[in-house]
Amino acid sequence: MEFRVPAIWRDPGAPADSFYEVRPECTDVPKTRFRIKAGKTLSARKWHAAFSPEGHLDIGKTLSRIQHGGIHPSIRGEVWEFLLGCYDPKSTFDEREQIRQCRRVQYARWKEECHQMFPLIGSGRFITAPIITEDGKAIQDPIVLLQTNPHGAVLTPQNTSQAATGLARNDTASTTMEPEFSFVEVQPSSHVILDKKEIQWKLTLHQIGLDVVRTDRPLVFYEKQENLSKLWDILAVYAWIDKDVGYCQGMSDLCSPMIMLLDDEADAFWCFERLMRRLRGNFRCTESSVGVEAQLSNLAAITQVLDPKLHQHIETLGGGDYLFAFRMIMVLFRREFSFGDSLYLWEMMWALEYDPDLFSMYEEPDLAGEKADGSKGKAKSIRQCGKFERENMRNGAKKSDAPLPISIFLVASVLKDKSSKLLQEARGLDDVVKILNDMTGNLDAKKACSGAMKLHKKYLKKAKRT
């Protein structure tokens with residue numbers, strides 16, 4: 001008797017672009033390759049079936065499916081909260097709700113603190129022009145003066161040109177309507193701020209605004225003023241609480257998906273904050289170095305081991321610092337993939353890297369210290385770990401060293417895939433950059449992850465022998 005595969009299993013899958021609608025005039029945006037496939041993509045039914053009646057999550061049941069087929073967009077936000085360590089899979093529904101409410105209160109406090117310093121925070125508006133000098137004096141140039149009236153309030157007519165005022169607004173407002181003004185109290189122009197932390201924070205606010213209006217602009221979602229201002233508010237609050245890092249260009253690309261996937265602003269903030277726990281080292285700068293340089297150095301070391309000929313060629317071209325890979329590492333391939341495919345790539349990466357101790361390490365710093373020191377700590381089920389994490393545990397990643405993130409092996413995989421072209425055609429660093437830029441929209445996220453895993457396994461074996 002011949003076995004016939006049901007048509008649903010042969011179906012190539014439903015496109016996911018409808019969940020992240022692109023403005024019709026943006027015709028040059030890459031199409032998303034990720035497709036929702038029955039039996040492969042983690043569905044809402046399979047996700048909810050992984051919870052016990054009390055709310056304990058058997059995350060091991062979901063990791064393999066995420067690694068191979070991604071997550072259905074309708075549940076992406078709540079799954080990401082677990083993958084990023086917002087919640088412990090061993091917690092109950094009630095325990096998570098209590099944590100969620102406490103975090104929302106904490107975010108509201110931080111946001112109010114920021115609002116007291118600069119009242120545009122939480123007002124539904126944001127700025128794109130500098131408001132303060134490095135010595136704490138209010139900016140007196142014409143753009144900022146147009147933003148403030150003589151009484152020390154920000155004037156925001158909805159039909160005034162953003163270019164003229166430097167104050168972001170909703171571009172969909174009709175020009176035939178009467179101007180609608182909202183006034184937000186600000187510090188008088190004569191006020192001088194003395195607190196260095198506040199000065200540093202206020203110096204970043206307009207840069208956040210400039211980045212916000214450039215982030216994911218092809219998406220219909222960001223045609224709404226409320227979504228732009230929500231992104232600005234979250235980044236401004238984060239810049240205030242993380243004083244070591246503050247705000248750096250690229251963070252808006254990392255935060256933007258959180259705004260889209262999680263309706264509550266506080267929940268989106270905490271998801272972004274957890275992502276930054278992984279990545280903040282890349283953004284931390286000193287007088288002598290930029291944090292990402294350590295990862296670029298790791299990339300160089302991996303390439304030297306796995307593809308010595310390519311590494312030698314790159315060094316000959318003067319690219320031994322691997323700065324051409326800076327963007328890929330900083331914003332996790334957001335520019336190399338379509339919006340939908342970058343989300344698919346991220347969740348595959350996080351599922352592969354998943355460590356069930358993630359929540360505890362974030363909530364209990366002592367436990368993170370034990371792990372870094374190679375201490376035994378609590379026993380964890382290898383079945384609850386992602387495949388990349390399991391390889392680290394099984395194949396002898398040195399406990400004294402922090403494990404290399406999968407993102408480094410992803411970049412190494414891309415370089416390996418383009419090795420022949422780089423060796424044959426790159427005669428200078430400009431050629432290297434051009435060849436890598438030509439990949440935009442043409443990369444396969446699943447293939448890239450598969451390549452990264454193969455290189456990781458090969459690298460661990462070679463490192464073990466040395």
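Guide: Let us start with the second largest pocket of this predicted model. Helices α8, α10, α14 and α15 each supply at least two residues of its lining.

Visitor: Which helix gives the most to the lining of the second largest pocket?

Guide: That is α14, with three residues.

Visitor: How many residues line the second largest pocket, and which lie nearest its centre?

Guide: The lining has 31 residues, and D216, P218, R334, R335 and F337 lie nearest the centre. The volume of this pocket is about 670 Å³. By class, the lining divides into twelve nonpolar, nine polar and ten charged residues.

Visitor: What makes the contact between R335 and D253 a salt bridge?

Guide: The rule asks for a side-chain nitrogen of Lys or Arg within 4 Å of a carboxyl oxygen of Asp or Glu. Here the N to O distance is 2.5 Å, so the pair R335 and D253 meets the rule. This pair links distant parts of the chain: R335 sits in the loop between α14 (326-330) and α15 (339-353), while D253 belongs to helix α10 (residues 251-261), 82 residues apart.

Visitor: Why is D253 called buried, and what is R335 called?

Guide: Buried means under 20% relative accessible area. D253 has 6%, so D253 counts as buried. R335 has 38%, which lies between 20% and 50%, so R335 is called partly exposed.

Visitor: How do you know that R214 and D211 form a salt bridge?

Guide: Their closest N and O atoms are 2.6 Å apart, and the limit is 4 Å. Because R214 and D211 are three residues apart in helix α8, about one helical turn separates them. That helix covers residues 196-214.

Visitor: Is D211 buried or exposed?

Guide: D211 has a relative accessible area of 3%, which is under the 20% cut-off, so D211 is buried.

Visitor: What makes the pair D211 and Q249 a polar contact?

Guide: The distance between these two side chains is 3.4 Å, and the limit for a polar contact is 3.5 Å. D211 also touches Y247 and S252, leaving aside residues up to four places away in sequence.

Visitor: Why does the pair R383 and D58 count as a salt bridge?

Guide: The closest N and O atoms of R383 and D58 are 2.8 Å apart, which is within 4 Å, so the pair counts. R383 lies in the loop between α17 (365-372) and α18 (387-394), and D58 in the loop between α2 (44-49) and α3 (60-69), 325 residues apart.

Visitor: What is D58 called, buried or exposed?

Guide: At 19% relative accessibility, D58 is under 20% and therefore counts as buried. R383, at 44%, is partly exposed.

Visitor: How many salt bridges does the rule give?

Guide: The count comes to 24 salt bridges.

Visitor: How many cavities of 30 Å³ or more are there, and how much space lies in the largest cavity?

Guide: There are four cavities of that size, and about 50 Å³ of space lies in the largest cavity. A cavity is called so because a 1.4 Å probe fits inside but cannot get out. Among the residues that line the largest cavity are I302, L306, L415 and K416. Helices α12 (292-306) and α19 (406-417) each supply at least two residues of that lining, which has six nonpolar, one polar and two charged residues.

Methods. Residues are numbered from 1 along each chain as its sequence is written. This is a predicted model: local features need pLDDT of at least 70, side-chain atom pairs count only at pLDDT 80 or more; totals for chains, interfaces and linings use all residues. Side-chain values use heavy atoms; hydrogens and water are left out. Helices (H or I, at least four residues) and strands (E, at least two) are DSSP runs, numbered from the N terminus. Buried means under 20% relative accessible area, exposed over 50%, partly exposed in between (1.4 Å probe, protein chains only). A polar contact is a pair of N or O atoms within 3.5 Å; within protein, one must be able to donate a hydrogen and the other to accept it, and residues adjacent in sequence count only if both atoms are side-chain atoms. Contact means heavy atoms within 4.5 Å. On a 1 Å grid over the protein atoms alone, a cavity is a set of points where a 1.4 Å probe fits but cannot get out, and a pocket is an open set with protein on both sides within 12 Å along at least five of seven lines; lining residues have an atom within 4 Å of a point. Grid points are joined across faces, edges and corners, and a volume is the space filled by probe spheres set on the points. Ala, Val, Leu, Ile, Met, Phe, Trp, Tyr, Cys and Pro count as nonpolar, Asp, Glu, Lys and Arg as charged, and the others, Gly among them, as polar.
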